[in-house]
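Please look over the sequence and the model shown here before reading on. The notes after it are meant for someone meeting this structure for the first time.

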Amino acid sequence: MQLHVARPFILAITNQRRSGSSPAPLRSSLSAEKVRLLCPAPLALGRAEVTCCVCGSLRLRRKEPRSIYGAIWSAVAAVCFMAFKCQRDSWVQQFTTQVVSCCPAKLSTETGGKKETLQGFHVILEDTILFPEGGGQPDDRGLINDIPVLRVTRQGPDALHFIQTPLEPGSQVQLGLDWERRFDHMQQHSGQHLITALADLMFGFKTTSWELGRQRSTIELDTSSMTAGQVAALEQSVNDKIRARIPVVVRELAAGDPEVEMVRSRGLPDDHTGPVRIISIEGVDANMCCGTHVSNLSDLQMVKLLGTEKGKKNKTNLVFLAGNRVLKALERSHATEKALTSLLKNGPEEHVEAVKRLQNSLKQLQKNNLNLLRDLAVLTAQSLKKNLAQEPVLVLHRKDGDSEFMNIIANEIGTGQETLLFLSVGDEKAAGLFLLAGPPETVEKLGPRVAELLEGKGAGKPGRYQGKATRMNRRAEVEALLRTFISEQITEQ
């Protein structure tokens with residue numbers, strides 16, 4: 001069995017059979033690249049205890065592993081690596097590894113507001129280049145052979161890869177990484193470290209949390225406000241560091257190393273074991289982190305601070321873009337600028353004033369239109385009044401009306417009439433508004449039934465019931481309902 005290891009170490013493995021036989025230690029020196037463990041044939045064990053002689057402590061204790069090889073590998077992965085391949089080398093995009101286990105699993109997803117539960121499998125590999133979510137960084141996407149990996153999560157020392165096709169434990173597989181997604185995460189995450197460090201150094205603003213969003217990222221700072229001048233100065237300093245091409249170094253320290261207490265951190269996870277991973281920006285920052293990062297600040301290209309927003313509990317959210325996201329934002333802005341230039345028939349520097357003029361014109365037109373609509377409502381009501389004596393049910397629909405238009409008509413006609421008034425506005429084949437007015441007892445009975453027919457909702461007061469409808473094409477059914485009700489009342493009298 002061959003193992004890839006990060007550095008030389010000695011494994012001391014104690015085998016203890018269920019029969020209670022005395023422990024038989026097995027020691028093997030492993031080189032820094034590939035080594036072969038000189039072990040006896042695989043043995044079914046009751047317990048395997050593996051001690052890392054680099055840090056000198058027991059790190060893994062598992063019951064009933066399938067073989068001594070499995071116990072050794074789990075120990076090496078959990079103890080001496082303490083990092084996946086993606087963390088030891090964030091730039092690897094293809095990788096060959098072996099399946100350790102494959103178990104049935106479910107994945108809850110949400111697309112476009114629709115929740116769905118997918119059936120599939122959690123696959124654990126000997127090592128992986130697909131980062132499981134952690135440290136504020138989302139998980140990677142990629143392929144195992146040609147099978148899409150839909151989610152990667154961490155469970156103790158293992159990374160769980162969710163796929164929808166089972167794999168045979170012990171089989172060799174080829175991993176492929178979605179590099180565009182990974183590199184974007186590396187740029188945003190390293191950018192956050194740099195911004196956080198300089199915000200603290202320059203202004204004493206501590207970072208309390210951060211979010212790597214799909215289009216922009218946010219750093220929550222422990223300050224009630226941040227001036228435009230401070231934002232500009234911070235952005236200048238951040239980009240100066242990027243142009244200085246400062247290295248970003250990943251180190252591992254023993255958990256008890258005094259240097260661990262000197263680095264910036266919000267604490268380790270409860271299930272953390274083994275060495276502590278430190279991300280250092282030389283001369284700027286040292287911080288505990290499990291995420292993937294660039295190897296030099298120049299890989300960030302540039303950072304743009306988009307400004308601040310009011311945060312929770314007297315905090316401030318600083319919004320930023322790093323690397324390729326800045327270029328994509330510039331592309332979107334340029335495309336928008338070109339479109340506005342074509343529509344407004346002027347240069348970019350005149351866009352704002354042109355839009356203000358259009359807004360003022362629109363407000364005036366809307367005001368004029370409202371006045372005309374009110375006048376039309378009054379005239380319409382006067383026309384309807386002429387038919388009150390002859391028609392027990394008056395029906396009117398107008399596509400471009402509104403709630404005020406209907407209420408003006410209802411007010412002009414008055415509530416003292418025995419006639420039922422059914423008004424509606426909006427697209428005849430889509431959603432709209434409706435109003436039913438007339439004798440209070442009749443309206444109280446029929447109002448909810450009208451709303452039900454139109455597949456809408458409404459509310460009322462004595463003599464009037466109005467609401468929203470989703471099926472305006474059923475207005476004819478409402479009219480039939482009203483006329484039938486009135487006819488039945490006349491017959492009963």
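What follows is a short briefing, arranged by topic.

This is a predicted model, in which local features need pLDDT of at least 70 and side-chain atom pairs count only at pLDDT 80 or more, while totals for chains, interfaces and linings use all residues. Residues are numbered from 1 along each chain as its sequence is written, and side-chain values use heavy atoms, with hydrogens and water left out.

**The chain as a whole**

- The secondary structure comes to nine helices and 25 strands, where helices (H or I, at least four residues) and strands (E, at least two) are DSSP runs numbered from the N terminus.
- Of the 493 residues of the chain, 44% count as buried; buried means under 20% relative accessible area, exposed over 50%, and partly exposed in between, with a 1.4 Å probe and protein chains only.
- Among contacts between residues at least 6 apart in sequence, 63% join residues at least 24 apart, a contact being heavy atoms within 4.5 Å.

- A search of the whole structure finds five aromatic pairs; rings of Phe, Tyr and Trp (its six-membered ring) pair if their centres lie within 6.5 Å, and planes under 30 degrees apart count as stacked, over 60 as edge-to-face and the rest as tilted.
- One of these pairs is formed by Trp91 and Trp179, which is tilted, with 5.7 Å from centre to centre and 40° between the planes.
- Trp91 lies in the loop between helix 2 (85-88) and strand 7 (94-111), and Trp179 lies in helix 3 (residues 179-203), so this pair ties together parts that are 88 residues apart in sequence.
- Trp91 is partly exposed, at a relative accessible area of 33%, whereas Phe183 counts as buried, at 15% relative accessibility.
- The rings of Trp179 and Phe183 have their centres 5.5 Å apart and their planes at 20°, so that pair is stacked.
- Trp179 and Phe183 are four residues apart in helix 3, and are therefore separated by about one helical turn; together with Trp91 they form one aromatic cluster.
- Helix 3 is mostly covered, with 18 of its 25 residues buried, and just after this helix Gly204 takes a positive phi of about 75°.
- The end C-alpha atoms of helix 3 are 35 Å apart, which agrees with the 36 Å that its 25 residues should span at 1.5 Å a residue, the expected span being 1.5 Å times one less than the number of residues.

**Strand 7 and its partners**

- Strand 7 and strand 13 (residues 172-177) pair in the antiparallel sense over five bridges, two strands being paired if DSSP finds at least two bridges between them.
- Within that pairing, Gln94 has Gly176 of strand 13 as its bridge partner.
- Strand 7 is also joined to strand 8 (residues 114-125) by 12 bridges, and these two strands run antiparallel.
- The hairpin of strand 7 and strand 8 has two residues between the strands, and in this hairpin Gly112 takes a positive phi near 60°.

- An open sheet of four strands has the order 14-15-20-19, with antiparallel pairing.
- Its edge strands are strand 14 (207-212) and strand 19 (303-310), each of which pairs on one side only.
- Helix 4 (residues 228-243) lies across strand 19 and strand 20 (316-322), running at about 150° to strand 19; axes are lines fitted to C-alpha atoms, for helices over the stretch in contact, and angles run from 0 to 180 degrees between N-to-C directions.
- Helix 5 (residues 324-344) lies across strand 14, strand 15, strand 19 and strand 20, running at about 85° to strand 20.

**Helix 9**

- The buried residues of helix 9 are Arg475, Val478, Leu481, Leu482, Phe485 and Ile486.
- Seen down the axis of helix 9, its buried residues fall within an arc of 125°, so they line one face of the helix; the arc is that of the directions from the helix axis to the C-beta atoms.
- On the other side of helix 9, Ala476, Ile490 and Thr491 are exposed.
- The cover over the buried residues of helix 9 includes strand 21 (393-398), strand 22 (420-426), strand 23 (432-437) and helix 8 (440-453).
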